[in-house]
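Try each task before reading its solution.

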Amino acid sequence: MFGASLTDVIGSTNVLVNNICFDSRKVEMDDVFVAIKGTLTDGHLYIAKAIDLGAKAIVCETLPEQIIDGVTYVEVKDGNTALAMMASNFYGNPSKNLKLVGVTGTNGKTTISSLLYQLLKKAGYKVGLLSTIKIMVDEEVYATSHTTPDALTINKHLYLMNEAGVEFCFMEVSSHGIHQKRTQGLVFEGAIFTNLSHDHLDYHKTFAEYRDTKKILFDQLPKNAFAISNIDDKNGAIMLQNTKAKKYTYALRTYADYRAQVLESQFDGTLLKINDHELWSRLIGHFNAYNMLAIFATADLLGMETLETLRLLSELENVDGRFQYFISSKKITAIVDYAHTPDALKNVLETISTLRTGNENVITVVGCGGDRDRSKRPVMGHIASEMSNKAIFTSDNPRSESPSAIITEMEEGVEPQNVKKILSIENREQAIKTACQLANAEDIILIAGKGHETYQETNGKRIHFDDFEMVQDVLKSLGK
């Protein structure tokens with residue numbers, strides 16, 4: 001348990017345990033149970049249950065009133081830190097045996113980490129990925145449910161990567177993951193900061209707390225690591241302030257170590273100039289220019305040869321649910337994007353604006369998630385109605401909230417001159433059908449918010465729902 005502060009020990013620490021658990025339902029004979037104070041429940045309430053199931057050791061922040069003979073109790077200052085350090089030690093500190101690069105920021109984490117995985121794979125390396133979409137152990141795919149998995153899941157898969165001979169791993173690092181110490185004990189080769197905008201204020205309460213939580217990743221980097229930051233973002237310099245790592249910057253608008261310029265932007269790709277080298281990329285938009293620049297910088301700092309990196313960058317394909325588009329038989333362009341923050345939605349709509357010839361209508365279908373940051377709802381409503389010819393407000397994982405109540409909060413951000421541009425349709429399937437019915441040849445439909453997600457979550461139940469699949473089927477059925 002190196003790295004965790006112990007305050008008390010009852011019983012012998014010289015006991016052999018089979019496994020580490022923090023979910024009492026999964027405890028088996030001779031396991032150690034770590035009681036975590038979570039946002040929804042407190043693991044300390046389940047200590048007795050864990051012991052009944054066979055736990056021989058308990059790690060907790062507060063010792064229970066009833067002490068059972070034959071069970072070891074270890075009291076620690078922070079349960080999350082203890083779990084992370086135990087997980088790392090249990091799996092043999094696997095992050096030390098590969099080059100682990102963390103990607104943090106509001107937008108771009110999935111694209112950058114997934115495309116770095118793609119690029120290094122194309123270069124012939126064995127590579128790992130820990131992302132919102134999936135976990136990859138070289139060629140093996142594992143499902144994931146969190147942007148940054150729990151510490152046990154992280155270290156288990158890093159261990160599997162060690163076993164598979166993986167040399168590089170790219171990992172999305174969320175503010176939740178940092179705050180809950182899931183990345184504690186990991187050894188990072190480097191970290192990338194993308195940008196910071198309005199998100200997760202239901203959890204962090206203030207923007208400053210959200211920003212400072214992200215910054216912890218950089219503050220904890222060792223001096224032989226690298227820190228890459230988007231200096232065009234006003235928080236980019238803040239991320240680098242206290243890091244011991246070697247500092248590097250990237251930008252499109254200001255002077256930086258890695259610079260890019262968008263020379264041409266079309267629906268089939270973007271022509272970029274990166275550090276005086278021209279590059280044609282299949283990815284679209286200025287936000288993807290930043291992503292490509294971050295990838296180029298990371299590959300360079302990992303020792304890849306420049307011309308090889310540029311060649312491989314030109315071959316990279318878009319990530320599922322990130323500006324994923326198709327053009328129908330009647331020349332209607334349908335775009336599905338994960339844009340679920342105001343900044344991401346604005347970026348996608350600005351990109352669409354630059355690609356338009358001027359005569360097309362832009363029809364945006366958008367919602368906001370339930371049980372999440374409510375303050376961004378009117379902002380999302382304002383952006384969608386201001387930047388589209390028609391905006392349809394709908395459900396997007398309402399969870400335990402009323403979909404109509406969420407839509408009402410989105411409507412509050414719509415300015416009087418834009419009221420006639422919006423429709424509110426609670427049922428997401430019907431909203432997409434309406435968008436398709438309204439669209440004519442050359443029009444553009446943007447379906448924002450869910451991206452790669454293939455479900456709709458309502459009252460604890462997940463029902464299959466795929467935006468990309470849905471819009472294709474509807475346009476085809478309408479003969480469009």
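**Exercise 1: Charges over a ring**

Find what sits over the ring of tyrosine 455.

Step 1. The charged end of lysine 450 lies over this ring, 5.0 Å from its centre. Step 2. The charged end of arginine 462 also sits over the ring of tyrosine 455, at 3.9 Å from the centre. The test: NZ of Lys or CZ of Arg within 6 Å of the ring centre and within 35 degrees of the ring normal.

The model is predicted: local features need pLDDT of at least 70, side-chain atom pairs count only at pLDDT 80 or more, and totals for chains, interfaces and linings use all residues. Residues are numbered from 1 along each chain as its sequence is written, and side-chain values use heavy atoms, leaving out hydrogens and water.

**Exercise 2: Aromatic pairs**

State how many aromatic pairs the whole structure holds, then describe one.

Step 1. The search finds eight. Rings of Phe, Tyr and Trp (its six-membered ring) pair with centres within 6.5 Å; planes under 30 degrees apart are stacked, over 60 edge-to-face, the rest tilted. Step 2. Phenylalanine 267 and tyrosine 325 make a tilted pair, 5.5 Å centre to centre, with 45° between the planes. Step 3. Phenylalanine 267 is buried at 18% relative accessibility; tyrosine 325 is partly exposed at 27%. Buried means under 20% relative accessible area, exposed over 50%, partly exposed in between (1.4 Å probe, protein chains only).

**Exercise 3: Cysteines**

Count the disulfides (cysteine sulfur pairs within 2.5 Å).

Step 1. The whole structure has zero. Step 2. For cysteine 60, the nearest cysteine sulfur belongs to cysteine 21, 16 Å away. Step 3. Cysteine 60 is buried, at 0% relative accessibility.
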